[in-house]
Amino acid sequence: MPGHDIIVIGASAGGVEALSKLVKALPTDLPAAIFVVLHVPAHGTSLMPNILNRYGTLRAAHPEDGAPIQHGHIYVAPPNYHLMIKRGYVHLARGPKENGHRPAVDPLFRTAAQHYGRRVIGVVLSGNLDDGTAGLAGVKSRGGIAIAQNPDEALFSGMPRSAIENVDVDHILPLNAIAPFLVRLAQEQVEEKAGSASAQMETETDLVELDMAAHSKYERPGTPSGFACPDCGGALWELGDGKLLRFRCRTGHAFSGETLLAEQSEALETALWSGLRALEERAALANRMFKGAHERNQARSAQRFAQQEQEAQQNAAVIRQVLLKGLKHGDGEEVENGQNGRVDNRNWRDGAETLSSQPPVPSPESPFPIVAIASSAGGMKALTELLSALPENFPAAIAIVQHLEPHRASQLAEILNARMALPVKQAQQGDQLRPGKVYIAPPNHHLLVNPDATIELSKTELVHFVRPSADLLFESVAASFKERAIAVILTGKGSDGASGIQAIKKMGGKAIAQDQTSSDSFGMPGNAIDTGCIDWILPLDEIATTLLNLMMDSRYS
């Protein structure tokens, strides 16, 4: 009689650390097979098997399609493929994304439950949002065991907390207690019961596998929702799934309610960036037309073009303010203010109205590039090493956000200034950026860069519980410097900067992240890498050289 020998694990942000600790505590002779989905960029290279092999004694690998299931092995989902379980072997599918991911946790959990029933143990570890919740409910419905990491100790509590709130979880455990518990469960005998999975579970599996018969059916599980799929634009059907609100479209894309909100926010943000670029281009064109009309002494036309430029700049200012305040931050997380965890959304409108009522700020192309750097835990050491390697005539301005104690005076600028050739100062309101100078955000103030290359300091709400925020710095730099912006994410905990990195890329800039080996804390670089927007992942001692090489590019020189 078998034991609980099919262990499926899902994780996202913070998952590398959690999985490494978990695997390290598992014995070589574990009488179970382990299957892991960690959210990774679709077109990146996953080093997860190598990391797990370094920490533990069980053999970890990306399986090939059809690989047999063997005890003592860890099967890690490869990038851009759903990892699915069949009776006796694994299946890889390039089917529609679920919860915005491929690989996704739900298909793994669902297929394990479908084919192995009571033998399955589902484990949800650190991660944002709620991928894995629906799959864990499927594990429970088929008699399996559901385990969630204690959200109070998870680096990112979204996934385990969602599982606990929406599924009748059997065990909520601290990370160090999960491995011993899995060993004990794997050795317990399980009586398998006959019975097939629900029709909805089988249909959802077929859709992910791109089964032609399933896709050709006119009926879909659930009822029409009136919402559109963010991925393909098709109609979404609302699925009855216990406490969890879920949706799936005709082509198979699936979303929880929370993930759908996050995807809609992402789509809205993309539209706003497109609108900002269009308005700024309109202002630039109107300015050129104004100059031509002025040179030809066509006063009426010049006045009309000047008015069009002013209107475009005012409208762009409104959109820029909304973007800087933020629709959302990170993987669907709300901006938090340190008081009750919520933002007064009226601030967006109030701030936008205030800005639009002011005279428009001219936005000529800056004659120099900017390097925006973010760091947190371990940042003093990293900043010292990086900045010390840059020459005094470095041809870009440098703006830095280092998470600091909010209510203490900072000596960071003085310390760095004494250790390197570049002049370093704590930023002040209205400072004019200059190439070859370093500006550090003061404690408890957001550092923003305006289109005219001046500094704005703000004490608006905290973002990810921090002020200054890397996200706000990067987003303001992206809007103001566009393709002449370079973002650098150094060592630090949490996910600050990941959203801003995406803004940098959308506006044509470049992004660098410190690698895991040289980072004291890999949270910030790791989450930035997970966005898929990083151009270079480098050890700390190679970042300065890369920046210098970039300065030789025609766009920066």
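Analyst: Contact here means heavy atoms within 4.5 Å. The model is predicted, so local features need pLDDT of at least 70 and side-chain atom pairs count only at pLDDT 80 or more, while totals for chains, interfaces and linings use all residues. Residues are numbered from 1 along each chain as its sequence is written, and side-chain values use heavy atoms, with hydrogens and water left out.

User: Which residues carry the UniProt feature "active site", and which of these residues does the lining of the largest pocket include?

Analyst: The unreviewed UniProt entry places this feature at Ser12, His39, Asp131, Ser376, His403 and Asp496. UniProt positions are given in the numbering used here, feature names are shortened, and annotations may be inferred rather than shown by experiment. A pocket is an open set of points on a 1 Å grid over the protein atoms alone, where a 1.4 Å probe fits, with protein on both sides within 12 Å along at least five of seven lines; lining residues have an atom within 4 Å of a point. Of the annotated residues, the lining of the largest pocket includes Ser12 and His39.

User: Is His403 buried or exposed?

Analyst: His403 lies in the loop between β15 (397-402) and α13 (412-417); helices (H or I, at least four residues) and strands (E, at least two) are DSSP runs, numbered from the N terminus. Leaving aside neighbours within four places in sequence, His403 is in contact with Ser375, Ser376, Val466, Pro468, Asp496 and Met524. Buried means under 20% relative accessible area, exposed over 50% and partly exposed in between, using a 1.4 Å probe and protein chains only. Because its relative accessible area is 17%, His403 is buried.

User: What is the length of the polar contact that joins the side chains of His403 and Asp496?

Analyst: A polar contact is a pair of N or O atoms within 3.5 Å; within protein, one must be able to donate a hydrogen and the other to accept it, and residues adjacent in sequence count only if both atoms are side-chain atoms. The side chains of His403 and Ser376 are joined by such a contact of 3.0 Å. Asp496 sits in the loop between β20 (485-489) and α15 (498-506) and counts as buried at 2% relative accessibility. Its side-chain contact with His403 is 2.8 Å.

User: With which side chain does the side chain of Asp131 make a polar contact?

Analyst: Asp131 is in the loop between β7 (120-124) and α4 (133-141), and counts as buried because its relative accessibility is 2%. Leaving aside neighbours within four places in sequence, its contacts include Asn99, Asp106 and Met159. At 2.7 Å, the polar partner of the Asp131 side chain is His39.

User: Why do the buried residues of α5 lie on the same side of the helix?

Analyst: The buried residues of α5 (residues 158-166) are Met159, Pro160, Ser162, Ala163 and Asn166. The arc is that of the directions from the helix axis to the C-beta atoms. These residues are on the same side of α5 because they cover an arc of only 160°.
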